[in-house]
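Biologist: Before we talk, could you put the sequence and the model on the screen? I would then like to go through the fold and its pockets by question and answer.

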Amino acid sequence: MKNLALLTFLLLVSAASFAQKEFREHAPWQDRVFLGGGGSLGGGRDAYGNKYFSFSVSPVIGYMLTPKVSTGTSISYQSINYSDLNVKYTQYGIMPFVRYNLDQLFLMAEFDYLNIPRLNANYDTVERLYTTRLLAGAGYAVPIGGRSKVNLIGMYDLAYKRQYFLSPWVFRVFISI
């Protein structure tokens with residue numbers, strides 16, 4: 001079922017990409033492409049008092065189908081290190097999205113396909129799992145010069161599974177150029 005949902009989403013995005021040829025044919029593709037991304041550094045103690053440090057990177061590439069509609073994808077890589085336990089693990093995935101702009105406000109939907117570790121009580125990786133999230137939400141783009149923007153996004157996981165994530169809410173800040 002999850003693979004069918006992913007395939008359907010990707011086909012819709014592909015169809016929309018081909019359909020855009022009739023829109024502004026004089027605009028070169030370079031003017032429609034945007035790049036960006038985000039990352040994070042974090043640390044502290046988890047709910048059990050274990051000390052950790054984490055970092056992540058998430059580059060983004062997108063394409064403006066129309067002045068209001070964009071599509072693209074992001075890849076994500078996160079590393080978490082529990083120094084007290086001498087345990088380190090990673091999670092990674094791909095996150096295609098569709099975005100509808102309402103001036104600086106925008107609506108966004110994203111399908112995340114993630115590879116995550118399943119840990120036991122000792123934080124040992126028992127196995128690696130693929131899981132999905134279907135996120136929908138809104139954001140605000142703050143211009144910082146030229147085409148560059150800082151994007152603030154809040155999304156809710158419509159397919160939330162508590163066993164994998166602590167909250168159905170996802171908040172992000174990333175830069176696009």
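Modeller: One definition comes first: strands (E, at least two residues) and helices (H or I, at least four residues) are DSSP runs, numbered from the N terminus. This is a predicted model, in which local features need pLDDT of at least 70 and side-chain atom pairs count only at pLDDT 80 or more, while totals for chains, interfaces and linings use all residues. Residues are numbered from 1 along each chain as its sequence is written, and side-chain values use heavy atoms, with hydrogens and water left out.

Biologist: What is the mean pLDDT of the protein?

Modeller: Here pLDDT is the predictor's confidence in each residue, from 0 to 100. Residues 1–23 stay under 50 on that scale, and the model has 25 contacts (heavy atoms within 4.5 Å) for them beyond four places in sequence. Across the protein, 85% of residues reach 70 or more, and the mean pLDDT is 84.

Biologist: How many bridges join E1 to E8?

Modeller: E7 pairs with E8 in the antiparallel sense over 8 bridges, and Asn 151 stands opposite Phe 174 in E8. E1 and E8 also run antiparallel, with Gly 36 having Ser 176 in E8 as its bridge partner. The number of bridges that join E1 to E8 is 2.

Biologist: Which residue takes a positive phi in the hairpin of E6 and E7?

Modeller: Strand E6 (residues 125–145) and strand E7 (residues 148–157) pair in the antiparallel sense over 10 bridges, and Ala 141 stands opposite Asn 151 in E7. Their hairpin has 2 residues between the strands, and the positive phi, near 60°, belongs to Gly 146.

Biologist: And which residue takes a positive phi in the hairpin of E3 and E4?

Modeller: E3 and E4 run antiparallel and are joined by 14 bridges, with Ile 75 standing opposite Ile 94 in E4. This hairpin has 4 residues between the strands, and the positive phi, near 55°, is that of Asn 86.

Biologist: Which strand gives the largest share of the lining of the largest pocket?

Modeller: A pocket is found on a 1 Å grid over the protein atoms alone, as an open set of points where a 1.4 Å probe fits, with protein on both sides within 12 Å along at least five of seven lines, and its lining residues have an atom within 4 Å of a point. The space in the largest pocket is about 1800 Å³, and of its 49 lining residues the closest to the centre are Gln 78, Ile 80, Gln 91, Tyr 164 and Phe 165. Strands that each supply at least two lining residues include E1 (33–45), E3 (69–82) and E8 (169–176). The largest share, 8 residues, comes from E5.

Biologist: What is the volume of the second largest pocket?

Modeller: Its lining has 13 residues, of which Phe 34, Met 64, Asn 101, Arg 147 and Lys 149 lie nearest its centre. A volume is the space filled by probe spheres set on the grid points, which are joined across faces, edges and corners. For the second largest pocket that volume is about 290 Å³.

Methods
Pairing = 2+ DSSP bridges.
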